[in-house]
Amino acid sequence: MNAAHRQPAEPKFEPLLQFEMEMGTFLSDWHHCDQLSTYMARMISHNRTDPLRHSNFFSSALNELLEVSFRGGSPEGRIGCAVYRHGPKERVKISFPCPAGQRQFFREAVARTHGNDAYARYLDALSTDLAPSREVVLLDLAINFDAEIRLEEQDPPSITIVVDLPLEGIVS
Amino acid sequence: MLAAPFQAEFDANSQEFSFAGVVRPRSVDEIAHSISMFRNAIEEARGVLYINVKRLAQMNNTAFHAFSRVVLDACRTRSDIRFVVVTSSVVGWTERMFRHLGKIEPQITVEVYDSKFYPGQAFVEDTSFIPILRTQTKMTWRHERKILPRHGMRPGITMADICCGIGDFAVLVRKEFQPARIVALDHSKASLAYARDVASNFGISDIEYSYGDASEMLLEDNQFDLVTCRHSLQIFNQPDLLLKELYRICKPGGRVYITNEKNSHCLGEPRAQSIQWTYNEVARLFAHFEMDVELGPKSRRYLADAGFDDILVESFMVTNQDGDPQDFADIITAWENVYAGEMAVKRGDPPEFIKRFRQGFRDHIFAALHPKGYAGWPIWAASGRKPL
């Protein structure tokens, strides 16, 4: 392969914080999403330029991801969430077991965040849907948080949503 | 720490519906009451309905869609109503999420609330004022470092410096008293950039500088052993509102420390009369811009009204004998430039007034630099304890 075809080297993200818990325990209380996102955001933001505002922004994004896993996950297995950092970006990797039927849904939803019509879809959903679908939540992350989203499926029945959030640049 | 509870309120007089706190429901049913209130407010409103989300710390997509749905539906059935969503420049995601509503319906506009909403703030946030702010802190610090322990300052505490300006007080406190944690908040991005730069040059990385509105802070309740707020209540058009926020973030048993001036009591010899006239006019000039630079001796009342107990008030005089008299003179020169050169001009004062106004500052400088002269700038330091 010549140089022109090489993929750009993956930047080295340093691990900051992670948690793992039984999915059944996680699903036992909706407030786990709020509590975990608030706590993790505060921990990882302490050395950002504006810790308070970074934490507020990050918590908002992480909570949506936790809510997605809460609504789409199945009770067997474990949920894991790890946060990494590279420069002004945080990477969130959230893994959770989900039914086989959901996997295609997540593939399509993640793909739509990269589409040229992502913003039109988002506005349309906001304008017409009665409640946000999980697809709209991922579009929200892409549009309002400038998130880059991809899916990893190496370890069925779990899937891993990988979200890069350049919040330091937005906040400061 | 507990998350701020969600509040939804409608003020019919100002036609303003306010959302505050954290709202992350699992389903719309959990917020049905607030949605119903919101619908009723829209039905009642005529002309413009303001939707205030300045103090909305968190709202998940479920809630955002539900409340957006109500507004968008109203736009489709009520051509006679307009919505103005007021977001905060502090809570970044609100601005980013709510702006889309204006793209969907032209009846909705989204405004960002920031410091320009405060009368007179621009005068004191001008970056040209920064060197003089440093000199002011240097001169007041000589006094404050001695009196701060009486107001609750001690090593190992958690403290917040609200309206921290260029952050020099936080740096001095950190060095002298070694608190365990310092959060320093201001709503001037230029001042904070300067503060971060200074901290970085001194190798300081543990002061948490944060952009925020002191009257609507993201900080949670009951967090700090000591909350300091220096020279700021006097330049805020609603000091009681600011004090309420300081009270909120202070731990029960902790203290809130404030410093303020009484400008008409600035003094000097010789040329006392001219100096006194000018500083009486300074107080009137600030009052014109809704700022009370006579607040110092009123600190006790403000603290008592805000619910504090064990209130301690003392005053000190910064003088031309505190170190180099030229420092004192430099401060007065900066005051003259801003007060006479900008504020009086903005108020529309005639040239003869401005000439006399300037003369008082110059006489104050004359007194400060006179070998037998005396020039003073009095400051009131006060603190109160938040009851347990």
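Visitor: Which residue does Lys54(B) form a salt bridge with?
Guide: A salt bridge here is a side-chain nitrogen of Lys or Arg within 4 Å of a carboxyl oxygen of Asp or Glu. Lys54(B) is linked in a network of such bridges with Arg55(B), Asp221(B), Glu245(B) and Arg248(B), among others. Its own bridge has its closest N and O atoms 3.4 Å apart, and the partner is Glu216(B).

Visitor: What pLDDT do side-chain atom pairs need to count?
Guide: Residues are numbered from 1 along each chain as its sequence is written, chains are lettered from A and ligands numbered from 1 in the order in which they are written, and side-chain values use heavy atoms, with hydrogens and water left out. This is a predicted model: totals for chains, interfaces and linings use all residues, local features need pLDDT of at least 70, and side-chain atom pairs count only at pLDDT 80 or more.

Visitor: How far apart are the C-alpha centres of the two domains of chain B?
Guide: The bounds come from an automatic or database domain assignment. For chain B, this gives domain 1 (7–113) and domain 2 (121–385). Their C-alpha centres are separated by 37 Å.

Visitor: Which strand gives the most to the side of domain 1 of chain B that touches domain 2 of chain B?
Guide: Three salt bridges are counted between these two domains. Strands (E, at least two residues) and helices (H or I, at least four) are DSSP runs, numbered from the N terminus. With three residues, the top contributor is strand S3 (residues 47–59) of chain B.

Visitor: Moving to the two chains, how much area is buried between chain A and chain B?
Guide: Contact means heavy atoms within 4.5 Å, and by that rule 38 residues of chain A meet 37 residues of chain B. Carbon and sulfur atoms give 51% of the buried area, which is about 3,200 Å².

Visitor: Which element of chain A supplies the largest share of the side that touches chain B?
Guide: There are 26 residue pairs in polar contact between the chains, both residues at pLDDT 80 or more. (A polar contact is a pair of N or O atoms within 3.5 Å; within protein, one must be able to donate a hydrogen and the other to accept it, and residues adjacent in sequence count only if both atoms are side-chain atoms.) Helix H2 (31–45), helix H3 (51–72), helix H5 (118–128) and helix H6 (134–144) of chain A each supply at least two residues of that side. With twelve residues, the largest share comes from H3(A).

Visitor: Is Arg96(B), which pairs with Asp146(A), buried or partly exposed?
Guide: The closest N and O atoms of this salt bridge are 3.2 Å apart. Asp146(A) lies in the loop between H6 and S4 of chain A and Arg96(B) in helix H3 of chain B, so the pair joins two chains. Buried means under 20% relative accessible area, exposed over 50% and partly exposed in between (1.4 Å probe, protein chains only). Asp146(A), at 36%, is partly exposed, whereas Arg96(B), at 18%, is buried.

Visitor: What is the relative accessibility of Glu220(B), the partner of Arg42(A)?
Guide: The closest N and O atoms of this salt bridge are 2.4 Å apart. The pair crosses from helix H2 of chain A to the loop between strand S8 (207–211) and strand S9 (224–230) of chain B. Arg42(A) is partly exposed at 26%, while Glu220(B) counts as buried at 18%.

Visitor: What is the relative accessible area of His100(B)?
Guide: His100(B) sits in helix H3 (residues 92–104) of chain B. Not counting residues up to four places away in sequence, His100(B) touches Tyr119(A), Tyr122(A), Leu123(A), Leu126(A), Ile143(A) and Asn144(A). It counts as buried because its relative accessible area is 1%.

Visitor: How many salt bridges are there over all chains?
Guide: Four of them cross the interface of chain A and chain B, including Arg196(B) with Asp50(A) at 3.8 Å, N to O. Over all chains the count comes to 44.

Notes: Buried area = accessible area lost by both parts, 1.4 Å probe.
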